[in-house]
Amino acid sequence: MYEGVVQDLIDELGTLPGIGPKSAQRIAFHLLAADAADVQRLIGALTEVKAKVRFCAVCGNVAESERCRICADPRRDAHAVCVVEEPKDVVAIERTREFTGRYHVLGGAISPIDGIGPEQLRVTELMARLAGEEITEIIIATDPNIEGEATAAYLARQLKPFGLRVTRLASGLPVGGDLEYADEVTLGRAFEGRRLIDA
Ligand code: ZN
């Protein structure tokens with residue numbers, strides 16, 4: 001335990017995902033020792049991102065205007081929508097250059113332990129898109145772990161009545177991991193080899 005503002009900083013850093021008490025302490029002391037100009041740049045980046053970046057009204061990806069770069073691009077195939085957990089997964093799939101369609105970002109995965117059910121995810125928004133857009137294929141690209149698989153199974157059941165082609169990325173992705181940790185070639189292959197889901 002440290003005094004006042006130092007402990008406040010450690011506590012704040014400790015609320016970030018993946019930052020445990022030890023990391024929070026290490027980052028706090030790194031910042032204390034850093035040049036004022038470096039810290040100012042970090043503050044600037046944080047302020048800018050909160051002021052300028054929001055979530056796309058259509059897909060939930062990060063965006064600098066009402067629609068994200070992908071939703072606003074008329075060259076993207078409007079028939080195929082790839083469903084992912086987080087905006088970082090959009091980046092991972094874009095890197096493979098395998099996919100020319102659009103995305104839908106759920107904002108997480110079903111996880112009863114963490115109190116996250118379908119209501120906490122952007123599932124209703126996805127269903128609304130099915131009614132309003134010319135979507136013929138949904139590619140479910142949730143993470144290859146328990147939560148991701150549960151989410152994929154749930155979505156496949158919800159999507160069944162719509163009579164769409166519903167596919168899931170092929171196996172071969174590192175099981176239990178995050179989509180973003182797969183290398184481009186593996187992820188690209190998983191995309192190409194996507195298979196139909198029977199719900
Ligand atoms: Zn979008």
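Tutor: Phe99, Tyr103 and Phe191 form one aromatic cluster. This is a predicted model: local features need pLDDT of at least 70, side-chain atom pairs count only at pLDDT 80 or more, and totals for chains, interfaces and linings use all residues. Residues are numbered from 1 along each chain as its sequence is written, and side-chain values use heavy atoms, with hydrogens and water left out.

Student: How many aromatic pairs does the structure hold?

Tutor: There are three aromatic pairs.

Student: Why is the pair of Tyr2 and Phe29 called edge-to-face?

Tutor: Rings of Phe, Tyr and Trp (its six-membered ring) pair if their centres lie within 6.5 Å; planes under 30 degrees apart count as stacked, over 60 as edge-to-face and the rest as tilted. The centres of Tyr2 and Phe29 are 5.1 Å apart and the planes stand at 65°, so the pair is edge-to-face.

Student: What does this pair tie together?

Tutor: Tyr2 lies in the segment before helix H1 (4-14) and Phe29 in helix H2 (residues 21-33), so parts 27 residues apart in sequence are tied together. Helices (H or I, at least four residues) and strands (E, at least two) are DSSP runs, numbered from the N terminus.

Student: What makes Tyr2 partly exposed?

Tutor: Buried means under 20% relative accessible area, exposed over 50%, and partly exposed in between (1.4 Å probe, protein chains only). Tyr2 has 36%, so Tyr2 is partly exposed. Phe29 has 34% and therefore gets that label too.

Student: What makes the pair of Phe99 and Phe191 tilted?

Tutor: The rings are 5.2 Å centre to centre, with 45° between the planes. That angle is neither stacked nor edge-to-face by the cut-offs, so the pair is tilted. Phe99 is in the loop between helix H4 (87-96) and strand S4 (102-105), and Phe191 is in helix H7 (residues 184-192), so this pair ties together parts 92 residues apart in sequence. Phe99 and Phe191 are both buried.

Student: What is the order of the strands in the open sheet?

Tutor: The five strands run S4-S3-S5-S6-S7, with mixed pairing.

Student: Why are S4 and S7 called edge strands?

Tutor: Two strands pair if DSSP finds at least two bridges between them. S4 and strand S7 (195-196) each pair on one side only, so they are the edge strands.

Student: How do you know that S3 and S4 pair?

Tutor: Strand S3 (residues 80-84) and S4 share four bridges, in the parallel sense. The bridge count meets the cut-off, so they pair. Val83 stands opposite His104 in S4.

Student: Which strands does helix H5 lie across?

Tutor: Helix H5 (residues 123-132) lies across S3, S4 and strand S5 (137-140), at about 150° to S4. Helix H6 (residues 146-159) also packs on the sheet: it touches S3, S5 and strand S6 (165-168), and its direction makes about 165° with that of S5. Axes are lines fitted to C-alpha atoms, for helices over the stretch in contact, and angles run from 0 to 180 degrees between N-to-C directions.

Student: Why does Thr142 count as buried?

Tutor: Thr142 has 2% relative accessibility, which is below the cut-off, so it counts as buried. Thr142 lies in the loop between S5 and H6. Its contacts (heavy atoms within 4.5 Å) beyond four places in sequence include Val83, Glu85, Leu106 and Arg168.

Student: What does the side chain of Thr142 reach?

Tutor: It reaches the backbone oxygen of Gly148 at 2.8 Å. A polar contact is a pair of N or O atoms within 3.5 Å; within protein, one must be able to donate a hydrogen and the other to accept it, and residues adjacent in sequence count only if both atoms are side-chain atoms.

Student: Is Glu85 buried or exposed?

Tutor: Glu85 has 7% relative accessibility, so it counts as buried. Glu85 is found in the loop between S3 and H4. Its C-alpha atom is separated by 4.7 Å from that of Gly108, 23 residues away along the chain.

Student: Which residues of H1 are buried?

Tutor: They are Gln7, Ile10 and Leu13. They cover an arc of only 125° around the axis, which means they are on the same side of H1. The arc is that of the directions from the helix axis to the C-beta atoms. The buried residues of H1 pack against H2, while Val5 and Glu12, on the other side of H1, are exposed.
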